[in-house]
Amino acid sequence: MRRKNNFSSMAVMFFFIAIIGGVIFLYNAAMFERDVPKITIENNGYWNFKEPLKITIDDQSGVKAYTVTLEQNGEMVPLLSDQLLMPQASLNLSVEPPKRRYGKQSESVTIHVQATDASSWNFFAGNSIAQSVTLSIDTKRPTLSTIAHSYAIRKGGSALVIFKADDENFDTLTIESNYGKTFLPQPFYKEGYYISLVAWPVMEGDFKATIVAKDKAGNISRSVVPYKLRDKAYRVSKIKLSDNFLGGKIAELAEYYQETQGITDPIEQFKLINEDVRAKNEKLIHEITSKISDTTLESFSINPFYPLKNGQVVARFGDHRLYFYEGAQVSESYHLGLDLASVKMGAIHTQNSAEMVFAEENGIYGNMPVLHHGLGLYTIYGHCSSINAQAGEKVSKNQQIGNTGLSGYAMGDHLHFGVLVQGIEVRPEEWMDKQWIRLNVTEIIQNAKKLINRQ
């Protein structure tokens, strides 16, 4: 009898254990997950009633139903809804604005999103969530008007533009080029006006600059700057590589650069230095010279650059160099500066005040001070034997900033003088020409101020 009672007790205990285990199993089973769906409404607080709203709904057990409703002045307008036969773990919704344009009757609308998942929780009703966001309605595009600009731009050169832009909810204001470069304008003279230099790279066959204003609601205005384009043919040089050059200067540089460590073939060493090391060094130059101030520019004047007294041109800007060894082309590069030579360790002066933003060694460019003259205009001075200032220092007009030399990839004592506009190399000859500066910079700014004062 006692054995029977023990058996009954054990059966009851196992029964309760099974029930508890089943409850625990069901409680933790995926089909009974208790997390509500996650709703993401992509917005920055504005809607232009032109572009669709992007809404994402995610859930572990899958979304089985959702509704999207617009509320305006107490009226509820259905925008989108669905009951899914096959629940989806992630839904990407594109919600078009209502055809009746309810938002135009009000300064704002509220978007309500409700979603239910396919979980068996809540007595098989699933987990539900409701989320709302209020959006300001902005259907007006920014206004753009060009005030003044350089008449023309030459291939490899630069130009100026001054314009007015207005919008209550500005987001971005840029100048887009046809080759992928984005120039950032700087506030100019009075509120609502902007100024920028732009550049046409020597490697690009065409040029177009478009001012693009975008507000927070996504409204966009575009205005093409009507420059007259002037083509220019640049020299193509075919250079034969000698064994003396490869075994001398290239072998010397190959011991120094990381890219050529372990490489013994002279041609491969040359290619790595002329292409890989050069690209790395130019990337640093572009990063340094792409910055522009966001403070208001009251005025801008620049003197012609003559960095080396009695300097003779030994290599010109834009030279497309093709390198040959034993009759076969092995590499190529563009010379993106002006090489000047006078005496050994000649004194280098700047004719304009500036900030020294870089004063270190940079690979094939050797010791390379970089000056910022304002408005995104930079000058670089390569192959120096010495640098007479440090990064962050203010440099005054006619101050000596260094001496010419042989540092980096230089075959003789000289100065590599480069000019860049927001990270794009341009013709130094323009910025050494007093008349070009007057016609394309000084007078443009003066005339623009007169027009702005009359408005």
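**A pocket and a sheet in a predicted model**

Helix α4 contributes three residues to the lining of the largest pocket, the most of any element; helices (H or I, at least four residues) and strands (E, at least two) are DSSP runs, numbered from the N terminus. This is a predicted model, in which local features need pLDDT of at least 70 and side-chain atom pairs count only at pLDDT 80 or more, while totals for chains, interfaces and linings use all residues. Residues are numbered from 1 along each chain as its sequence is written, and side-chain values use heavy atoms, with hydrogens and water left out.

The largest pocket holds about 490 Å³ of space; a pocket is an open set of points on a 1 Å grid over the protein atoms alone, where a 1.4 Å probe fits, with protein on both sides within 12 Å along at least five of seven lines, and lining residues have an atom within 4 Å of a point. The volume is the space filled by probe spheres set on the points, which are joined across faces, edges and corners. Of its 24 lining residues, R321, Y323, D339, Y409 and M411 are the closest to the centre.

Elsewhere, four strands form an open antiparallel sheet in the order β7-β9-β13-β12, where two strands pair if DSSP finds at least two bridges between them. Because β7 (143-149) and β12 (186-187) stand at the edges with a single partner strand each, one side of each is left without a neighbour in the sheet. The antiparallel pairing of β12 with β13 (residues 193-199) runs over two bridges, and P187 stands opposite Y194 in β13.
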